[in-house]
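Q: Please take a close look at a single part of this model. I would like to know what it is, what lies around it and what comes after it.

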Amino acid sequence: MGRHNFKKLKIWEEGMNLVDETYRLINSFPSSEKFNLISQLMRCSVSIPSNIAEGTSKSTDKHFNKYIEDSLGSAFEWETQLIIAYRQRYIEKEKFKFLENKIQQLQKMISGFQSGLKNNLDS
């Protein structure tokens, strides 16, 4: 069993909140995007907390760090999908700005958590 309880990690909780936001967001997208942008956004959002949770099962911080890195990559991928949705006018500017801020905050949180893990590796 890992040394972290993923359900108690703020980055996991914020990742889960992003999944909820994504489900709400895609309801307004055209059905033609079902297998494209909708699918991509869902996979990215679900991947963020899923990788965090999976990483907590690893026996070392080095292995955990790889999953945190994957989670961060998914966060940047999600942001790109959000920008595409905005550019295609599937979301309003106000909603875009709100979600852009939310994902950038999550990226900072994940990066900070990752820095803490790396510091443990260096110690």
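A: Some words come first: a residue is called buried under 20% relative accessible area, exposed over 50% and partly exposed in between, with a 1.4 Å probe and protein chains only. The model is predicted, so local features need a pLDDT of at least 70 and side-chain atom pairs count only at 80 or more, while totals for chains, interfaces and linings use all residues. Residues are numbered from 1 along each chain as its sequence is written, and side-chain values use heavy atoms, with hydrogens and water left out.

The part to look at is helix α3, which covers residues 61-87. Helices here are DSSP runs of H or I with at least four residues, numbered from the N terminus.

Rings of Phe, Tyr and Trp (its six-membered ring) pair if their centres lie within 6.5 Å; planes under 30 degrees apart count as stacked, over 60 as edge-to-face, and the rest as tilted. The count by this rule is 4 aromatic pairs. One of them joins F64 and F113 edge-to-face, with 5.7 Å from centre to centre and 75° between the planes. This pair links distant parts of the chain, since F64 is in α3 and F113 is in α4, 49 residues apart. F64 counts as buried because its relative accessibility is 1%. Another pair, Y86 with F96, is stacked, at 4.3 Å centre to centre and 15° between the planes. Here too the link runs from α3, which holds Y86, to α4, which holds F96, over 10 residues.

Another ring to note is that of Y67. A charge sits over a ring if NZ of Lys or CZ of Arg is within 6 Å of the ring centre and within 35 degrees of the ring normal. The charged end of K66 sits over the ring of Y67, 6.0 Å from its centre.

Contact means heavy atoms within 4.5 Å. N51, placed in helix α2 (residues 37-56), is in contact with Y67, D70, S71 and S74, leaving aside its neighbours within four places in sequence. With 12% relative accessibility, N51 counts as buried.

Further along is W78. Not counting residues up to four places away in sequence, W78 touches L18, T22, L41, C44, S45, L99 and I103. Two of these, L18 and T22, are among the buried residues of α1, as are I11, W12 and E14. E14 has its own partners: apart from neighbours within four places, E14 is in contact with K102, L106 and M109.

W78 also has a part in the core. A nonpolar core is a set of buried Ala, Val, Leu, Ile, Met, Phe, Trp, Tyr and Cys residues joined through side-chain atoms within 4.5 Å. The largest one has 29 residues, and F29, I48 and W78 have the most contacts inside it. Each of α1, α2, α3 and α4 supplies at least two residues of this core. The most come from α2, which gives 8 residues. In soluble globular proteins, nonpolar side chains tend to be buried together.

Finally, what comes after α3? The helix is followed by R89, with a positive phi near 65°. R89 has this positive value although it is not a glycine. Most residues other than glycine have a negative phi. R89 belongs to the loop between α3 and α4 (93-122). Is R89 buried or exposed? Its relative accessibility is 74%, so R89 counts as exposed.

Conventions: The expected span of a helix is 1.5 Å times one less than its number of residues.
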